[in-house]
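Please look over the sequence and the structure below, and then follow the questions and answers about the ligand and several residues.

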Amino acid sequence: MGKLNKGKTDRAYFREAYQTGVHGWPTVEPSPYVVRFLRRVYGSDATGYALDLGCGEGRHARFAADLGFHVVGVDFEASAVRRAIAFSQDRAREGLHFVVADVLHLPFHGASFEVVIDYGCLHHQRKRNWPLYLHSVLHCLKPRGVFLLSVFSPKFRMFCNRRRQWHVVGGAYRRCFTREQVEQLFGATFSILETVEDDEIGFWHFLMRRR
Ligand SMILES: C[S@@+](CC[C@H](N)C(=O)[O-])C[C@H]1O[C@@H](n2cnc3c(N)ncnc32)[C@H](O)[C@@H]1O
């Protein structure tokens, strides 16, 4: 990570992460949970549209495109989107697009996506914005659509031995989730098909289906 700098904002934190290429999450390899969950539901022959929220450098968007989805990756940081486009030039993929936008104010109309993927974006949203985030997901996802969510658990190294569930480091806000918090936020509109707690990295991974 870059030097800690107190006046920095979330966006400045991510801009520096992508401009330097120095950050704590993989650039190319998709998470094994995203791979497993998408394969579990769609096999290797997917159709329709997938949306990757907070796509970063596009590792999950590319994987979904390789499965057969038309994919839109969204990130509010333009340097992330530039890198996602650059990393996607390794071979021709039809129907893979990246857009600069805020996940809380998405520029899409109508519930047209079969799948929404969020690996590590919700846990950077302030708690007061959770309802807006849920509204964004529901606005985009088709009825019976699938939602993959991966968020920090209290076992993530930054939260170990701390009483608070949130903190700001290097300008970036982060919050860890208990399983109950995720169930409370999404349980009224989603059936949770699978939950995995990865103690090693301190993440929850949820596979859900919209009712
Ligand atoms: C930890 S990174 C994960 C990136 C990517 N999902 C991955 O797994 O490689 C979180 C990403 O969410 C993006 N992000 C955070 N808040 C956002 C928001 N409100 N709207 C759009 N993108 C956001 C950041 O720019 C960053 O790229």
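This is a predicted model, in which local features need pLDDT of at least 70, side-chain atom pairs count only at pLDDT 80 or more, and totals for chains, interfaces and linings use all residues. Residues are numbered from 1 along each chain as its sequence is written, and side-chain values use heavy atoms, with hydrogens and water left out.

Q: Of the residues around the ligand, which come nearest?
A: A residue is near a molecule if one of its heavy atoms lies within 4 Å of it. There are 20 residues around the ligand, and those that come nearest are Y18, G54, R59, D75 and Y119.

Q: How do the residues of the shell around the ligand divide into nonpolar, polar and charged?
A: In this division Ala, Val, Leu, Ile, Met, Phe, Trp, Tyr, Cys and Pro count as nonpolar, Asp, Glu, Lys and Arg as charged, and the others, Gly among them, as polar. The shell around the ligand then holds four charged, six polar and ten nonpolar residues.

Q: Which helices each supply at least two residues of the shell around the ligand?
A: Helices (H or I, at least four residues) and strands (E, at least two) are DSSP runs, numbered from the N terminus. The elements that each supply at least two residues of this shell are α1 (10-20) and α3 (59-67).

Q: How far is a nitrogen atom of the ligand from a polar backbone atom of G54?
A: A polar contact is a pair of N or O atoms within 3.5 Å; within protein, one must be able to donate a hydrogen and the other to accept it, and residues adjacent in sequence count only if both atoms are side-chain atoms. A ligand nitrogen lies 3.0 Å from an N or O atom in the side chain of Q125, and a ligand nitrogen is 3.2 Å from a polar backbone atom of F76. For the polar backbone atom of G54, the distance from a nitrogen atom of the ligand is 2.7 Å.

Q: What share of the accessible area that the ligand has on its own does the protein cover?
A: Accessible areas come from the Shrake-Rupley method with a 1.4 Å probe, and for residues only the protein chains shown count as cover. On its own the ligand has 590 Å² of accessible area, and the part of this that the protein covers is 96%.

Q: Is E194 buried or exposed?
A: E194 has its place in strand β8 (residues 190-198), where its side chain makes a polar contact of 2.6 Å with the side chain of R40. Buried means under 20% relative accessible area, exposed over 50%, and partly exposed in between (1.4 Å probe, protein chains only). Because the relative accessible area of E194 is 18%, this residue is buried.

Q: What is the separation of the C-alpha atoms of W204 and Y33?
A: W204 belongs to strand β9 (residues 203-210) and is buried, with a relative accessible area of 7%. Along the chain W204 and Y33 are 171 residues apart, while their C-alpha atoms are separated by 10.0 Å.

Q: What is the phi of R144, which is not a glycine?
A: Most residues other than glycine have a negative phi. R144 lies in strand β5 (residues 141-152) and is exposed, with a relative accessible area of 53%. Although R144 is not a glycine, its phi is positive, at about 70°.

Q: How far apart in space are G73 and E194, C-alpha to C-alpha?
A: G73 is part of strand β2 (residues 70-75) and is buried, with a relative accessible area of 0%. In sequence G73 and E194 are 121 residues apart, and in space their C-alpha to C-alpha distance is 24 Å.
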